[in-house]
Amino acid sequence: MFLAPAVAYLLLFFGYPIVENIVMSFQQYTTTTFYTGAAPFVGLRNYAGILSSDLFSKTLRTTVLFTAGSLAGQFVLGLALALFFHRRFPLGRVLRSLLLLPWLLPLVVSATTWRWMLDTDTGVVDHTLRGLHLVSSGVPWLTGTSQALASVILVNIWVGIPFNTAILYGGLQDIPAHLYEAAKLDGAGPLTSFRRITWPLLRPVAGVVLVLGVVYTLKVLDIILIVTGGGPADATETIATRSYELSFQQFEFGRGAALGNVLVVISLLFAVVHLRANRRALEAGSTGP
């Protein structure tokens, strides 16, 4: 009885949409369906259409680059900041609280601000670079095919750093302080302590952060739509943005649902593989010498 409300909520708001999305991916579901109620069954035609298109391979590559670049930047900078705030210093708590602001701001506000900052003509970034004589002309952050992807990765890194820092900082707090004291007495330096103590004990938390980061980054939509709109020339088009365009711009809901299901499968495969690898590493560590 205690579990009934939670189970009902999950079935209604998670189970039902997932089932409906799967059913829709096997139908020719368009705007006319809302009037006629007819959605002919087309089998795997929607999946075959999206997987065989030339744009799918490009969006898949962009999705991989966007996810890998975002995760690398978020995790490395988040870990560095977590280690920095792990040491006590004046105003440390205040600075740690201010670091959460990018995470607390609505993504629409953050993405819109970054779009203004990266504007070639009026953006503060190009204005600062020209003032420092680092560039002679404006950099096409949002309009260049080679710069646009790096720009949205930069914005997503900025948004995700606070989450990585908060979780990794919590993991550092659980490491017993006496281990570092013993290592210091044995003559271990900061690098050795990190390699022998911090990282092995922080690895389970890091695994969770990476898995959550992949699942979140794969479905990033609003940042890309606001900053670049998927352009220029589909340079920042990911599977998530392509699914959105198929469903809500071209009104091909069946193909959009199919592409969304492909994204869900990719997320689940990565999560399963990573969690199994992490479990094997923990088991090997527990049975080691």
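How many positive and how many negative side chains does the chain have, and how far apart do the centres of the two sets lie? The chain has 19 positive and 14 negative side chains, and the two centres are 10 Å apart. Lys and Arg count as positive and Asp and Glu as negative, while His and the chain ends are not counted; the place of a charge is NZ of Lys, CZ of Arg, CG of Asp or CD of Glu.

The model is predicted, so local features need pLDDT of at least 70 and side-chain atom pairs count only at pLDDT 80 or more, whereas totals for chains, interfaces and linings use all residues. Residues are numbered from 1 along each chain as its sequence is written, and side-chain values use heavy atoms, with hydrogens and water left out.

**Figure 1. Overview of the chain.**
The secondary structure consists of 14 helices and zero strands; helices (H or I, at least four residues) and strands (E, at least two) are DSSP runs, numbered from the N terminus. Along the principal axes, the C-alpha atoms fill a box of roughly 75 × 65 × 35 Å. Of the 289 residues, 35% are buried. Here buried means under 20% relative accessible area, exposed means over 50%, and partly exposed lies in between (1.4 Å probe, protein chains only). The accessible surface comes to about 17300 Å², and carbon and sulfur atoms hold 69% of this area. These areas come from the Shrake-Rupley method with a 1.4 Å probe; for residues, only the protein chains shown count as cover. Among contacts (heavy atoms within 4.5 Å) with a separation of 6 or more, 65% join residues 24 or more positions apart.

**Figure 2. The largest nonpolar core.**
In soluble globular proteins, nonpolar side chains tend to be buried together. A nonpolar core is a set of buried Ala, Val, Leu, Ile, Met, Phe, Trp, Tyr and Cys residues joined through side-chain atoms within 4.5 Å. The largest such core in the chain has 18 residues, and F66, L118, I223 and V227 have the most contacts inside it. Helices α7 (107–117), α9 (148–173) and α12 (222–227) each supply at least two residues of this core. The largest share, seven residues, comes from α9. A second, separate core of 14 residues includes I175, L202, A206 and V209.

**Figure 3. The surroundings of L118 and S151.**
With neighbours within four places in sequence left aside, L118 is in contact with V125, W141, L142, S151 and V155. S151 belongs to helix α9. Is S151 buried or exposed? S151 counts as buried because its relative accessible area is 1%. Leaving aside its own neighbours within four places in sequence, S151 is in contact with L118, W141 and L142.

**Figure 4. L179 in helix α10.**
L179 is located in helix α10, which covers residues 177–185. The relative accessibility of L179 is 30%, so this residue counts as partly exposed. Apart from neighbours within four places in sequence, L179 is in contact with I197 and L201. L179 and F89 are 90 residues apart along the chain, and their C-alpha atoms are separated by 21 Å.

A pair of aromatic rings is described by the distance of the centres and the angle of the planes. Rings of Phe, Tyr and Trp (its six-membered ring) pair if their centres lie within 6.5 Å; planes under 30 degrees apart count as stacked, over 60 as edge-to-face and the rest as tilted. By this rule there are 14 aromatic pairs. Why is the pair of F84 and F85 edge-to-face? The ring centres of F84 and F85 lie 5.3 Å apart and the planes stand at 70°, so the pair is edge-to-face. F84 is partly exposed at 44% relative accessible area, whereas F85 is buried at 7%. The pair of F251 and F253 is tilted, with 6.3 Å from centre to centre and 55° between the planes. F251 is partly exposed at 40% relative accessibility, and F253 is buried at 11%. Both residues belong to one aromatic cluster, formed by Y29, F34, Y244, F248, F251 and F253.

**Figure 5. Backbone features in two loops.**
Most residues other than glycine have a negative phi, and most peptide bonds are trans. A cis peptide bond joins G231 and P232, with omega about -5°. P232 lies in the loop between α12 and α13 (239–248). A233 is found in the loop between α12 and α13 and has a positive phi of about 55°, although A233 is not a glycine. A233 counts as exposed, at 58% relative accessibility. F251, in the loop between α13 and α14 (253–286), is not a glycine either, yet has a positive phi of about 60°.
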